[in-house]
Amino acid sequence: MRRFKGYMTLEASFIVPMIICVFALLIYFSYYLYGRCVLSQDSYILAFRASIADEEVYGSAADYVSSKASLVAGKKYFGSSFPGFETTADGKKIRVHGHSEAKHSAMGRYFLKPQSGWEYEAAGRAERFEYVKHIRRLTRLRDIGKEIMDNIGED
């Protein structure tokens, strides 16, 4: 027989809130990770599409990115501010740098939550490449190789 009752209640009153806090932090961190992954994906998509965009229609790579950024980003960034994209082009290389921030008020000012939220950024790089000429060149080389192999087989 125990002398003191209520040990389980006292322990549960400490442990249960801590477990709930850990679960809330896991969900909070997963929002950050999701936003960072989507920003990385969108930065690369914009850089790649800018590298193959027609310069006569869109002008520079920066003009293309600024005109298409809202279409690519869409409404995927829940829990974060809409991202901003900056473009730099150096010769054939195009770099798109995206940045956004997540300011959640969940959990107030508890122990592990950052006070000001998170800022995250990602960059995507692509290189201008004349795909049509490259494919035609490879097709022509394949045809020449096939013709040479057929001529060798006849001898």
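**Close-up views of a predicted chain**

**View 1. A salt bridge joins Arg 142 and Asp 143.** The side chains of Arg 142 and Asp 143 meet in a salt bridge, with 3.6 Å from N to O, where the term stands for a side-chain nitrogen of Lys or Arg within 4 Å of a carboxyl oxygen of Asp or Glu. Side chains of opposite charge can pair when their charged atoms come close. Arg 142 counts as exposed at 52% relative accessibility, while Asp 143, with a relative accessible area of 34%, is partly exposed; here buried means under 20% relative accessible area, exposed means over 50%, and partly exposed lies in between, with a 1.4 Å probe and protein chains only. This is a predicted model, in which local features need pLDDT of at least 70 and side-chain atom pairs count only at pLDDT 80 or more, whereas totals for chains, interfaces and linings use all residues. Residues are numbered from 1 along each chain as its sequence is written, and side-chain values use heavy atoms, with hydrogens and water left out.

**View 2. A salt bridge links Asp 42 with Lys 76.** The structure holds two salt bridges, and in the one between Asp 42 and Lys 76 the closest N and O atoms are 2.8 Å apart. This pair links distant parts of the chain, since Asp 42 lies in helix H1 and Lys 76 in the loop between H3 and S1, 34 residues apart; helices (H or I, at least four residues) and strands (E, at least two) are DSSP runs, numbered from the N terminus. Asp 42 is buried, with a relative accessible area of 0%, whereas Lys 76 counts as partly exposed at 24% relative accessibility.

**View 3. Val 65 belongs to the largest nonpolar core.** A nonpolar core is a set of buried Ala, Val, Leu, Ile, Met, Phe, Trp, Tyr and Cys residues joined through side-chain atoms within 4.5 Å. Of the 20 residues in the largest such core, Leu 39, Leu 46, Ala 50, Val 65, Phe 85 and Val 96 touch the most other members. Helix H1, helix H3 (61–73), strand S2 (93–102) and strand S3 (118–127) each supply at least two residues of this core, and H3 gives the most, with six residues. Not counting residues up to four places away in sequence, Val 65 touches Leu 46, Ala 50, Phe 85, Thr 87 and Val 96, where contact means heavy atoms within 4.5 Å.

**View 4. Lys 92 sits in a loop between two strands.** The loop that holds Lys 92 runs between strand S1 (84–90) and S2, and Lys 92 counts as exposed at 52% relative accessibility. Although Lys 92 and Ser 51 are 41 residues apart in sequence, they are 8.0 Å apart in space, C-alpha to C-alpha. Leaving aside neighbours within four places in sequence, Lys 92 is in contact with Ala 126, Glu 127 and Arg 128.

View 5. With a disulfide taken as a pair of cysteine sulfur atoms within 2.5 Å, the count comes to zero disulfides.
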